[in-house]
Amino acid sequence: MAKKGEVSDSVIKRLPRYYRFVSELVRDGTQRISSGELAKRMSVTASQIRQDLNCFGGFGQQGYGYNLPELRSEIVRILGIDSSRKIILIGAGNLGMAMANHMNFSDYGFKLIGIFDSDPAKKGTKTAGLEITGTDTLDDFVRENSPDAAILCIPKENAKETADHLVKLGIRAFWNFSHCDIAQGHEGVIVENVHLGDSLMLLSYGIANS
Ligand code: NAI
């Protein structure tokens, strides 16, 4: 069993993709798979699969392949997605509402416990089983509920100030959609930035170079 810190960052970055493929196979009732077969499905090399999954210890056996339910459990454990970490959403605009309504947070180890927006007109609207709350109640809510993380779906002009404030209140992890470097000055705070536009630019690059 791999211990914390024993799996390299590059393997960790590939784990969500392994998780998706392995979960689908388990859902379909497949119990085991060879590295060659998994490689074919994932369009990577068998040696990459063996190298990556070797980090976790005894899953691949010569002539047997990988035990998929066990492999899945190990990936779940390493990613920590069997938890129920409390997360709040800041910014209930177009993107924020899409997040609240379409992300199955529990599949990823999170529970959405609060939605906040500075626009008083949005206050009281119900979404994803929660009422949108004004930012005037944010401090009390964070002190009472100690969320583990916050999602930022607010304009970049307001993102740094909001993040600084949330860090002061004790929030140590951010899923940041605002195009702003919120990590500056916050050593040890975990920031996962998401830029859909980066992916689209890579699509453009692919087309331009095909
Ligand atoms: P929007 O204008 O529909 O929603 C923004 C919401 O944030 C509004 O409801 C507003 O009242 C609220 N807000 C503003 N300042 C706030 C604060 N300090 N505290 C709490 N609420 C606050 O905008 P949309 O389309 O939802 O986009 C949100 C952000 O996400 C924008 O910065 C946009 O550029 C960015 N974005 C990022 C993407 C990505 O891939 N990372 C993709 C699309 C948008």
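A nonpolar core is a set of buried Ala, Val, Leu, Ile, Met, Phe, Trp, Tyr and Cys residues joined through side-chain atoms within 4.5 Å. Buried means under 20% relative accessible area, exposed over 50%, and partly exposed in between, with a 1.4 Å probe and protein chains only.

The model on display is predicted: local features need pLDDT of at least 70 and side-chain atom pairs count only at pLDDT 80 or more, while totals for chains, interfaces and linings use all residues. Residues are numbered from 1 along each chain as its sequence is written, and side-chain values use heavy atoms, with hydrogens and water left out.

**First stop: the cores**

Select Y18, L38, I49, L53, F56, L71 and I75; of the 20 residues in the largest nonpolar core, these touch the most other members. Next, colour α1 (9–27), α2 (35–42), α3 (46–54) and α4 (68–79), the elements that give two or more residues to this core. Helices here are DSSP runs (H or I, at least four residues), numbered from the N terminus. The most comes from α1, with six residues. Then move to I154, L166, L169 and I171, which are among the 19 residues of another core, lying apart from the largest one.

**Second stop: the ligand**

- N94: a backbone N or O atom lies 2.9 Å from an oxygen atom of the ligand.
- N158: a polar side-chain atom lies 2.8 Å from a nitrogen atom of the ligand.
- L196: a polar backbone atom is 2.7 Å from an oxygen atom of the ligand.

Taken alone, the ligand exposes 860 Å², of which the protein buries 74%; accessible areas come from the Shrake-Rupley method with a 1.4 Å probe.

**Last stop: the cysteines**

Finally, select C153 and C180. With a disulfide taken as a pair of cysteine sulfur atoms within 2.5 Å, the count comes to zero. C153 is in no disulfide, and the nearest cysteine sulfur, that of C180, is 13 Å away. C153 counts as buried because its relative accessibility is 13%.

Methods
Polar contact = N/O pair within 3.5 Å; in protein donor to acceptor, adjacent residues only side chain to side chain.
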